[in-house]
4 protein chains.
Amino acid sequence: MLKLGIIGATGYVGEEIVRLLARRKDIEITTVVSNTFEGKPYSSVYPSLRGIFDKVCEKLDIEKIAEKADFFITALPHSVSGEVVPYLISKGKRVIDHSGDFRFRDVSVYEKWYKTTHLAPQLTKDAVYGLPELYRDKIKNARLVADPGCYPTCSILGIAPALVNKLVSKKGIIIDAVSGVSGAGRKSELAYSFCETAGNFKAYGVCNHRHTPEIEQELSLLADEEVLVSFTPHLAPMKRGMLATCYLDLVASGITTEEIRDIYFDYYRNEPFVRVLPAGEMPETKNVAGSNFADIGVMVDQRLNKLIVVSAIDNLGKGSSGQAVQALNIMAGFNETEGLITPGLYI
Amino acid sequence: MLKLGIIGATGYVGEEIVRLLARRKDIEITTVVSNTFEGKPYSSVYPSLRGIFDKVCEKLDIEKIAEKADFFITALPHSVSGEVVPYLISKGKRVIDHSGDFRFRDVSVYEKWYKTTHLAPQLTKDAVYGLPELYRDKIKNARLVADPGCYPTCSILGIAPALVNKLVSKKGIIIDAVSGVSGAGRKSELAYSFCETAGNFKAYGVCNHRHTPEIEQELSLLADEEVLVSFTPHLAPMKRGMLATCYLDLVASGITTEEIRDIYFDYYRNEPFVRVLPAGEMPETKNVAGSNFADIGVMVDQRLNKLIVVSAIDNLGKGSSGQAVQALNIMAGFNETEGLITPGLYI
Amino acid sequence: MLKLGIIGATGYVGEEIVRLLARRKDIEITTVVSNTFEGKPYSSVYPSLRGIFDKVCEKLDIEKIAEKADFFITALPHSVSGEVVPYLISKGKRVIDHSGDFRFRDVSVYEKWYKTTHLAPQLTKDAVYGLPELYRDKIKNARLVADPGCYPTCSILGIAPALVNKLVSKKGIIIDAVSGVSGAGRKSELAYSFCETAGNFKAYGVCNHRHTPEIEQELSLLADEEVLVSFTPHLAPMKRGMLATCYLDLVASGITTEEIRDIYFDYYRNEPFVRVLPAGEMPETKNVAGSNFADIGVMVDQRLNKLIVVSAIDNLGKGSSGQAVQALNIMAGFNETEGLITPGLYI
Amino acid sequence: MLKLGIIGATGYVGEEIVRLLARRKDIEITTVVSNTFEGKPYSSVYPSLRGIFDKVCEKLDIEKIAEKADFFITALPHSVSGEVVPYLISKGKRVIDHSGDFRFRDVSVYEKWYKTTHLAPQLTKDAVYGLPELYRDKIKNARLVADPGCYPTCSILGIAPALVNKLVSKKGIIIDAVSGVSGAGRKSELAYSFCETAGNFKAYGVCNHRHTPEIEQELSLLADEEVLVSFTPHLAPMKRGMLATCYLDLVASGITTEEIRDIYFDYYRNEPFVRVLPAGEMPETKNVAGSNFADIGVMVDQRLNKLIVVSAIDNLGKGSSGQAVQALNIMAGFNETEGLITPGLYI
């Protein structure tokens, strides 16, 4: 039985991980850490889990916590991870970190976009970017996996096949994406209150969202040269779900939607969680909400010789918690899909 | 031109008042008071009003503010009103107060349910309960009008005709009511965040909501004996709107829905903002959202000899801001419906 | 491996059953029947199930369909069930029917409220009302189980402990309840379109909803005398979830919320899917959405000597599909909770 | 008093026009035409208007209807307009048509994208594209005004100042836009039902939406050469509101957000309904919902030398009904802003 600790357990990412793991027979969550809710049963924070997961939250006493498990998932704000993770690693623990702290190969990129000094730069070179579709083998033996951001997961999965197969230009890539409100975390900020959010749609972080360099890092590695992207996130009045519409310039003319769809299908042929839709169909977030799937649809605009790729995930599924569990399965040698091949909640 | 000051102007009740009055030619809003947003244009707090109402918010310096207008609407928390209103009255200003502070004829009832000491008990005996359908004449000359609570407005309008016409028992009245989230005010509390509220329905304040004694006070006055009610409020995932379903025991048998509908229609025959629906129709909140109307439907359950009354208002319209403007129109000698006969936003 | 056919498989009740069973190793769904979608893969109707359940829908050729399975769940409109179920029973199949057709012990009550002639009255006397908390033993060997209505499930579970323990009067019971929109089924009716429903709240079926006699039948059996209820359903702008607020008159005075809470807790001590909340807590639909749980909270109003019971379920979980699966587990001799102890989707 | 007839009056566009005009003293709506609701009071179709606009709907007997007014607004499906409008014009009526039928200068473009034969090509050359910000003078004396599409209005207003001022390339323009559900009209289609739409986000009409050539026509006229755009619409779970994010390539480097903001501000300096936001602020649909405003924000991405323009309108306001009323005011010689400078419903 794998012993797992979750640090920063009472945010939405933490809750989704507990939801996914609470009934697993091969994993025991031995500690849920939350300074805010110390001493309270987890199920009093999330009453949906009453009778299913009632363990009491503990405060972050890192020495004491570290002894409780062999694997840790840290769902902490950036910089806070930078304080906690090094100790866990030093004690031989294996860690999946959900912050931005260990996603960047180049510490200076991180420091520029996050406007802070990296607290544990020594760990970044061995950290593995936790996107199984790109780094499955490295995840297997990683000590430290950086769980990718939601927008990067959604965007990279949508663009990778076109880029790797040299179908599209590496220049001028535009990613217009939308997230449900849970992507902002469990926050008591006015901007995320019901009356300010319901029935409203807006762009945010225009030209400066921190997921931009993360997307660029991974696309550049796939393209084997520097790729820059224009990325604009939006907030939609829904709890879960993320959709990215990617605009790519085709390098050759005459290729059809069907042909590209087949190339995409081949690329993800063995991926259990990526579903390439039939030509002519486009994803909707309701088809992936509550699941670990990514649905991808493609369309060639022959008038403009552009490829439009639409990619949908659940920001709390493949966009964070589901993907963390997928990485955990890989690291632990479990079946990669264990506990994850669950259909979403269409309704 | 009537000069009006709004104190506590940047909450939702304040914003709705500004929205209703900003284009009036007979009223000038001379000051909007908000300690939180002092020095900021009102339209930076509510960008919907950009170019329409850009006045800068002022802090609550009561002596300075009092000089700015002849009429004041105070949309402050209870007890805070108790501090501010006496000064305004002492300076000869006429005030519409939206808190619970001046709604009760019996100070001890207020103190028991609000669990606090009343700060200005001397003002309560002359304060007028600002429900025009019951107290139009008194409002006309009142110095201090207590803007009724949203649930009381919705409930009293629904029950009054039955009670006054002695159709129903004064015992065993049950009011089951629902509010949109704006009823909680503009708050950055987790419980009102989008992710905690969207798709969710719950009861709250069960057996102890402060609007209970307010409903009882007015129903008792109508019935000329003490009336107690069982009142349960609920929160629905919508921004605006309130609906009360009232269960009343008919005193005689054999009376039909049509007959009661006609009695209700007669009772409100001259009321510009109460719409009694045809027999067989029931109100929906979308028909009153954004307006000052109250829609009322009735149905006799002949099996049980009960009368079911369903009453709908916009909690920000007839439930607070619209009603305050209606009272202001009456106090100022304007046409009572001035600026208020606007259809709601069905969509 | 149990072979199961689902007839009327492409409505929301059918979809939720497929979602719950698609990954079960002890149950094989051998046919999904839908005249509307005949010949189409189930996952083209519900793309959330792509790659998980792709079986092609069949038309309702009852003789052919009957041969395909040993158990059937029929999610058909009332009267249509009355045509289909008798044939299945005659072939020795075991059936869980989700319509109102077999829920009534007295055919005349059904015919009065459903305004139709019962097509298979001979089956009603052996049909078992499929609420495991009341009829677990009978369900075990039943040939025909009538899956209860959502409102009756929610109401009966909330009232039963008080009634059985003679805490409350059998007279004057009032049930004010709210449903999410999926309760209306998968319909292309204007009244359920997004723009007509979002942000709106209304009562419907006032004094004549068909779930009234179903609630009364079961409460009467529990009380051992005729119980009539005043039941008013409402529609809230959310997809899933149901909440009933029940108003009951206590027969003795002085009993506390804590005492009643303990009586409720005892009553459901061995029930895996009923969670009685601690005194002072009240259920919210988000805590049960996506699950088979019923959450119940109680509160004594000592001023009025009333008991307020609030009960929450997912109308697609314990209110229909989850409960059908629970009954299926019991009938088949599986662990009753198999595949059902999943936490809901809080977010 | 201007006499106005509304044909196709009971869709959402029609309802919003009635809402905007019902209380006007200078306009009388003399007929509301709806074959579906013939003989029913308009306020029974939209009970929000009960007591405000109770006129009975008439069927479309064009000869009889034409006599009832001097101005007509036709809110009909394309091709249906093509049948009705010519008769009205032949009788000397002035018409604002909301369909796509008269928006195109080149009939062949219409016929290609709408996949139909134009029924009244002779009228297209004198029809005026009803965007006052571009064609105010022509609208003044027009016999036939083609009310622009919602996406074109939102996109053109956002891009025009950059194009006219030659700040950006005419190539490679990308418009990623989002609409609320009311944009689809009042339809009883499953795809727009609450359960299929709430909590869901999707792209639709990818590479083939009919508003594409309409945007291209107007941008080409502004640029004085052919402009093609990549346009992708999306559906968000909200009733009202539209937001377009436009990606444009700056032709020179070094220009700042502030400079471009000032150019935009100047361009719309005299426009009563276009609000250019301060540099650094971005529009949200809640700030324009229920109003006739268009809010525009700009941001330079200096890394990529791109201009991002975000533009927001209410699809039922500036995107259709409000704009039609604006055009009507201009045609009739009323103050252009009459009845339209109303703040939106922030909440």
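Two residues are in contact if their C-beta atoms, placed from the backbone, lie within 7 Å. Keep that in mind as you explore this predicted model.

**Two helices meeting in chain D**
- Helix 6 (residues 132–141) and helix 11 (residues 317–332) of chain D have axes that come within 8 Å and cross at roughly 35°.
- The crossing of these two helices of chain D is right-handed.
- From helix 6 of chain D, the residues taking part are Pro132(D), Arg136(D), Ile139(D) and Lys140(D).
- Their partners in helix 11 of chain D are Gln326(D), Ala327(D), Ile330(D) and Met331(D).
- Sorted by class, the residues of this contact are five nonpolar, one polar and two charged.

**Helix 4 of chain C**
- Helix 4 of chain C spans residues 80–90, and its buried residues are Ser81(C), Gly82(C), Val84(C), Val85(C), Leu88(C) and Ile89(C).
- An α-helix has 3.6 residues a turn, so residues three or four places apart point the same way.
- The cover over the buried residues of helix 4 includes several elements of chain C, among them helix 3 (62–66), strand 1 (2–7) and strand 4 (94–97).
- After helix 4 of chain C comes Gly92(C), with a positive phi near 85°.

**Where chains C and D touch**
- Here 16 residues of chain C are in contact with 16 residues of chain D.
- Helix 8 (residues 194–197) of chain C supplies the largest share of chain C's side, with three residues.
- That side of chain C has seven nonpolar, five polar and four charged residues.

Notes. Residues are numbered from 1 along each chain as its sequence is written. Chains are lettered from A and ligands numbered from 1 in the order in which they are written. This is a predicted model: local features need pLDDT of at least 70, side-chain atom pairs count only at pLDDT 80 or more; totals for chains, interfaces and linings use all residues. A residue is buried if 20 or more other C-beta atoms lie within 10 Å of its own, exposed if 12 or fewer, and partly exposed in between; C-beta atoms are placed from the backbone. Helices (H or I, at least four residues) and strands (E, at least two) are DSSP runs, numbered from the N terminus. Ala, Val, Leu, Ile, Met, Phe, Trp, Tyr, Cys and Pro count as nonpolar, Asp, Glu, Lys and Arg as charged, and the others, Gly among them, as polar. Axes are lines fitted to C-alpha atoms, for helices over the stretch in contact, and angles run from 0 to 180 degrees between N-to-C directions. A crossing is left-handed if the near helix is turned anticlockwise from the far one by less than a right angle, and right-handed if clockwise.
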